[in-house]
Amino acid sequence: MTDFVRRIVSGQKARFKDGELHLDLDLSYITDNVIVMGYPATGLEGLYRNRREDAQKFLAHRHGTNFWVFNFCPVRENTYDAAVFGGRMSRYPFPDHHAPPLALLPLVAREMRLWLDGAPERVAVLHCKAGKGRSGTLACAYLLSLNAPPSAPRLERNYTKKEWARHTALAHPTLQAPDAAAPAATQKAWAKDRAEELMDRMPGDQGTMGTETAADTDADEASVRAAAQPPPDLVERVSERLEGVKAEDHGQAARVESPAALSTDAPATPVLATAASRSTTSSSALANVLNLHTSRRMRPRPSSNSSSSTSSPDKESEADAPPARGPPPKKGRQGVSIPSQRRWLYYWSLLLAGEGPAGFWPALPHPPTSPAHDPPPAPERVRVREVRVRMAEQTGVRIGVIKAASRVLDRAGRRPAPAGPTELWASLARYDDALVETLERWERWGRAPGVGGIGRRREGGDAMVPAAAADGAAAESIQEVFADGRWDAQKMVRSFASLGVVAGEEKREGKVVTATLGAKETGGVIIDAHREVRFKIYMGKVFLCWFWLIPAFHMAEGEGEGEGGVVTVRLKREDLDFAVGLGAALIEVEVALERVPAGAASEPPARALSGESEVGQAQGKGGGVVEAAAGILEGAVGVREGVEVQQGLED
């Protein structure tokens, strides 16, 4: 019965059945060396998630001590001692359903690489709560940093029995077919499995993908590029840069074992990149990694379902595609399905190719002698001039739900929103500045030289003496950053500004309304161009969506300067996070940005000490509960998606 409940909670995620141990786990081998799983729980939570003792037994039986666990859950969400896995655990926490501080990606990718490079039998085990979005984002970040395209597992033991049968049948269909003398039931089962696998690979009809499903289809180069709106010539420049990378560039950094206490004496030979192996663009490499993760982490849709991934004559045929990457997954929920997390991976792919924004995370001299050497220049500021929200007009049942939600929250004593019961407004939030600065300092300190070095840790990059420390002070370890829970015991994301409707700026085109949101009497909100910022959109007190972005990645050098120099970042509904239920009425959101002149006195507003500043985080959460329930009742969103909307409002 408990296994049945766990399968329901897993939803569309793949599960791993170990016949020898009689275990059924929410776990997948993305590659032979990268495992993603759900949270190893105890107590009541263990009834519907992976039981901790089952995860321990599985890893110990299959991998002995050759595994290292990466935990992305904040202390306030879920926690356990590293001793649970023999001390082989690192924490890099960030909130559920959110994009992480961007500097977390290189720090995790480097530690994974150092561990896995130590011995071929080692595996990295990544988990968050559900083992999907956060774990998938960091797994893809590591896979993108490799010198060659990653491949699906090749070892039989890393597949379930049914998966392996399908995998080998596709690879060698004539060899794997049962003997003619085999029982009819065996031949029928083989034929059914073969047919299902072939149906999973069949492309769907073109033009059948509507806007309701566009956000949950397989990744392709166009959709990945559109997520970050790069300059027109960016892909060509990235391709040229990758073509010019020589193998010697990847051999400059000395090998570093991780962690030192568990390092092996066996020599490890790095696989060096060549121009040919790195000759794909950032966008195509990201699309392939996302598809690999989805194909391994998510269950394929049943063949009886007529929906399938769209095809295009301009794309590679299955026969021409690199065999290591495999075909695109069938249309359905993606492994990394939150648009902001996918946007972060695109930013990361640009940084790996040396095509990040000018001045973004400038490298220290190599080898660095002090983290304070050559400090980064003064932060570049931009002003959020306005946010334009375009959506279908809300009438009838929906507007009644919004008003009812506002009344319910008023009676519950929530703080008033800076708008009427049906007016749009937005809150802006960010991570703790000191946390981001700490992570970025570690990123610069540990970076290896050369193009792509941002994905590798240099020798000595795991220990750093603080710049202000006295002579002889002990070096800090990167493992200590999150050791005491100071960054993640409380809410990690807090608001610092809000935008309300600008009077007289509303436009109507038929049943489509465009509202302009701006700051009161300030002409805009100052933010750091190189920092992560979250925009959260409400109608009255009801949550509609949010999205994360880093302005510098959307502004080419020199753009947004001078009088009238405004850059517009346009996000369609499928680029917004949790735009379901009442948020499904959204069509697109535009953010207008302009650079603040160098030397001008400007500082971003301070973050709220608690809650959502003037509007209260609790209010947003409460509004999300009502909104999610309304969406479910209206049939606009499934129960699971409705629950995710509510969960996503918890920082």
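Colleague: Is cysteine 140 buried or exposed?

Modeller: This is a predicted model, where local features need pLDDT of at least 70, side-chain atom pairs count only at pLDDT 80 or more, and totals for chains, interfaces and linings use all residues. Residues are numbered from 1 along each chain as its sequence is written, and side-chain values use heavy atoms, leaving out hydrogens and water. Buried means under 20% relative accessible area, exposed over 50%, and partly exposed in between (1.4 Å probe, protein chains only). Cysteine 140 has 0% relative accessibility, so it counts as buried.

Colleague: Which cysteine sulfur is nearest to that of cysteine 128?

Modeller: A disulfide needs two cysteine sulfur atoms within 2.5 Å, and searching the whole structure turns up zero of them. Cysteine 128 is in no disulfide, and at 6.1 Å its nearest cysteine sulfur is that of cysteine 73.

Colleague: How many aromatic pairs are there?

Modeller: Rings of Phe, Tyr and Trp (its six-membered ring) pair if their centres lie within 6.5 Å; planes under 30 degrees apart are stacked, over 60 edge-to-face, the rest tilted. By this rule the count is 18.

Colleague: How many residues apart in sequence are the parts that tyrosine 39 and tyrosine 80 tie together?

Modeller: These two form a tilted pair, 6.0 Å centre to centre with 55° between the planes. Tyrosine 39 sits in the loop between β4 and β5 and tyrosine 80 in the loop between β7 and β8, so the separation is 41 residues.

Colleague: Which arginine lies over the face of tryptophan 445?

Modeller: A charge sits over a ring if NZ of Lys or CZ of Arg is within 6 Å of the ring centre and within 35 degrees of the ring normal. Here, at 4.6 Å from the ring centre, that's arginine 458.

Terms used
Helices (H or I, at least four residues) and strands (E, at least two) are DSSP runs, numbered from the N terminus.
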